[in-house]
Amino acid sequence: MFARITHYKMKPEMLDDAKAKVAELESKIMGMPGIVQFINAVDDDTGAGYVVSISESRALAEANAETAKAIWGMFADHLVEMPTPEGFEVAANWTA
């Protein structure tokens, strides 16, 4: 498995709108080939957050890169700056 981790900073006044927009995009995000899990964690006070997407493989994550970039582009007005994702092999992925 492969994790794409993206730190972002939303404009605090745009946070509620951004949360609604990401909810609307669930099927598009989860519909990307190989996506296993998607987590969006954000600090409501500052607008800082992380997106963690888990893919079946690095190859599938890389194949989805342009789609993911386009989705981030839909948030351009909400973001302080466009984020840069980082990719990592998953060493452990545990759930209760």
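Residues are numbered from 1 along each chain as its sequence is written, and side-chain values use heavy atoms, with hydrogens and water left out. As the model is predicted, local features need pLDDT of at least 70 and side-chain atom pairs count only at pLDDT 80 or more, while totals for chains, interfaces and linings use all residues.

The largest pocket has a volume of about 540 Å³. A pocket here is an open set of points on a 1 Å grid over the protein atoms alone, where a 1.4 Å probe fits, with protein on both sides within 12 Å along at least five of seven lines; its volume is the space filled by probe spheres set on the points. Of the 28 lining residues, Thr-6, Val-51, Ala-68, Ile-71 and Trp-72 are the closest to the centre; lining means having an atom within 4 Å of a point. Strands S1 (2-9), S2 (35-42) and S3 (48-55) and helices H1 (15-24) and H4 (65-73) each supply at least two lining residues, and H4 gives the most, with five. These elements are DSSP runs (helices H or I, at least four residues; strands E, at least two).

Turning to the aromatic residues, the structure holds two aromatic pairs (ring centres within 6.5 Å, with the six-membered ring used for Trp). Tyr-8 and Trp-72 form a tilted pair, 5.5 Å centre to centre with 55° between the planes; planes under 30 degrees apart would count as stacked and over 60 as edge-to-face. Because Tyr-8 lies in strand S1 and Trp-72 in helix H4, this pair ties together parts that are 64 residues apart in sequence. Together with Phe-75, Tyr-8 and Trp-72 form one aromatic cluster.
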